[in-house]
Amino acid sequence: GDGCGHTLLTPHSGTLSSRNYPGTYPNHTACRWRLRAPPGTSLLLAFGDVDLEPSERCTRSSLLLADPQAGTAYGPYCRNAVPTTPLLVTNSSTVTVLFNSTSHRSGRGVLLSYATSEHPGRGEWDRPDPPPSPCCSVYCPAGCKDIDGDIWGNPSQGYRDTSVLCKAAVHAGVIADELGGQVTLSREKGITLYESAFANGLHSKRGSLSEKRLVFHKGIFSPFPLKFSHNFGHQTRCPPHAVPLGGGPRLPACRVPSPACGDTLEVAAFNASSWWHEVDALGQDRAWAPQRAALGTAGHSWAAEPGSEAAWLELDLGTRRNVTGIVTKGSSEQHDYYVTSYCVSSSRDGKNWRPYRGSGGQEDKVGTGGTMGGGTDPLCEPLGHRHPLWQVFEGNTDSHGEVSNAFIPPIVARYLR
């Protein structure tokens with residue numbers, strides 16, 4: 001209905017909100033969501049926010065949850081009849097969520113997330129007043145990327161502890177927004193200044209000193225550094241915007257790899273569809289060759305021949321490797337060049353290529369050949385439209401800053417384009 005706001009529903013988790021949330025929800029509107037979990041599992045729902053204008057029996061505005069399998073209903077809820085607990089555990093794999101409004105003056109609306117009973121349990125802080133470096137394991141539902149709230153910091157520094165945790169987890173690349181997942185983090189001593197960054201489709205803010213910071217942990221991050229020119233609430237404990245599931249073990253300390261880039265992959269060779277041979281004012285030729293694509297290369301970078309279509313850059317890692325992310329940057333040497341979006345394909349032999357689909361599905365074989373766009377390989381052109389299997393990554397917005405994108409799941413291959 002026209003009362004539906006941000007919605008991302010998957011079989012295992014999801015997030016939904018009323019229209020305009022957290023602004024005032026519209027008059028005379030309604031929305032119906034039907035949540036379905038896999039057979040044999042049940043749904044757990046977390047109330048992020050229920051702020052509907054009060055009225056007798058919530059007749060003016062209401063949130064109602066119906067469990068058709070059990071024949072029970074929960075609610076109606078509004079500001080003077082709020083849920084008694086932030087977590088609703090059902091015995092059903094199907095729940096219908098109903099939101100209705102009539103004339104009203106105020107109210108943010110509703111924000112709700114869910115997960116299934118099959119998901120692993122959560123961890124908790126060791127005690128209410130946590131030590132400087134406790135470890136916490138929480139579950140973040142799908143759909144946190146577009147919820148309201150700010151994040152400060154970046155994957156290498158960590159995040160200000162007032163950041164929306166699950167949104168920061170997407171920014172850090174530890175989960176994919178369309179899937180959600182378990183997140184492990186530690187609460188460590190804060191720093192003087194948190195730098196902003198654009199990563200995984202999200203902009204973080206630059207922030208000042210905080211007492212504590214959130215540091216996300218995952219396996220060794222093995223990105224390709226490339227330089228080319230073409231809450232539900234803010235808490236310092238395991239917070240309610242991460243769905244609390246089960247009664248998992250307490251974790252006394254984080255014994256996991258550092259979140260920093262500890263294993264930057266070496267590229268054995270670069271290749272490209274073409275490169276620009278620039279002739280400067282003195283008549284001297286300067287090649288923007290593919291080997292100049294490595295991040296940190298002094299001077300100009302790689303650039304395709306002007307006017308070329310379906311340009312590609314190929315990286316040979318020398319052997320099959322596990323690749324979990326990519327870092328890109330433009331070239332600010334005389335020319336303000338950068339790539340705004342791109343797709344990725346991989347190959348184990350340099351002949352058979354697969355488009356990277358991300359967490360939306362398995363990597364499907366799409367063709368063979370020696371050159372992308374020059375033989376039988378498909379083109380990532382126009383982005384995502386000709387070949388809907390591709391995942392389109394957001395690139396740079398200027399030639400100066402670095403942008404990182406995570407591969408979830410990782411790519412296992414020798415060659416990338």
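**Salt bridges in a predicted model**

Lys-205 is partly exposed, with a relative accessible area of 41%; here buried means under 20% relative accessible area, exposed over 50%, and partly exposed in between, with a 1.4 Å probe and protein chains only. The model is predicted: local features need pLDDT of at least 70, side-chain atom pairs count only at pLDDT 80 or more, and totals for chains, interfaces and linings use all residues. Residues are numbered from 1 along each chain as its sequence is written, and side-chain values use heavy atoms, with hydrogens and water left out.

Lys-205 and Asp-150 meet through their side chains in a salt bridge, at 3.2 Å from N to O. By salt bridge I mean a side-chain nitrogen of Lys or Arg within 4 Å of a carboxyl oxygen of Asp or Glu. Asp-150 is also partly exposed, at 33%.

How many salt bridges does a search of the whole structure find? The search finds nine.

One of them joins Asp-51 to Arg-79, with the closest N and O atoms 2.9 Å apart. Asp-51 lies in strand E4 (residues 43-51) and Arg-79 in the loop between strands E6 (72-77) and E7 (87-89), so the pair ties together parts that are 28 residues apart in sequence. Strands (E) are DSSP runs of at least two residues, numbered from the N terminus. Asp-51 is buried, with a relative accessible area of 10%, whereas Arg-79 is partly exposed at 34%. Both residues belong to a network of salt bridges that also links Asp-49 and Arg-108.

Finally, Arg-417 forms a salt bridge with Glu-314, the closest N and O atoms being 2.8 Å apart. Arg-417 and Glu-314 are both buried.

Technical notes
Helices (H or I, at least four residues) and strands (E, at least two) are DSSP runs, numbered from the N terminus.
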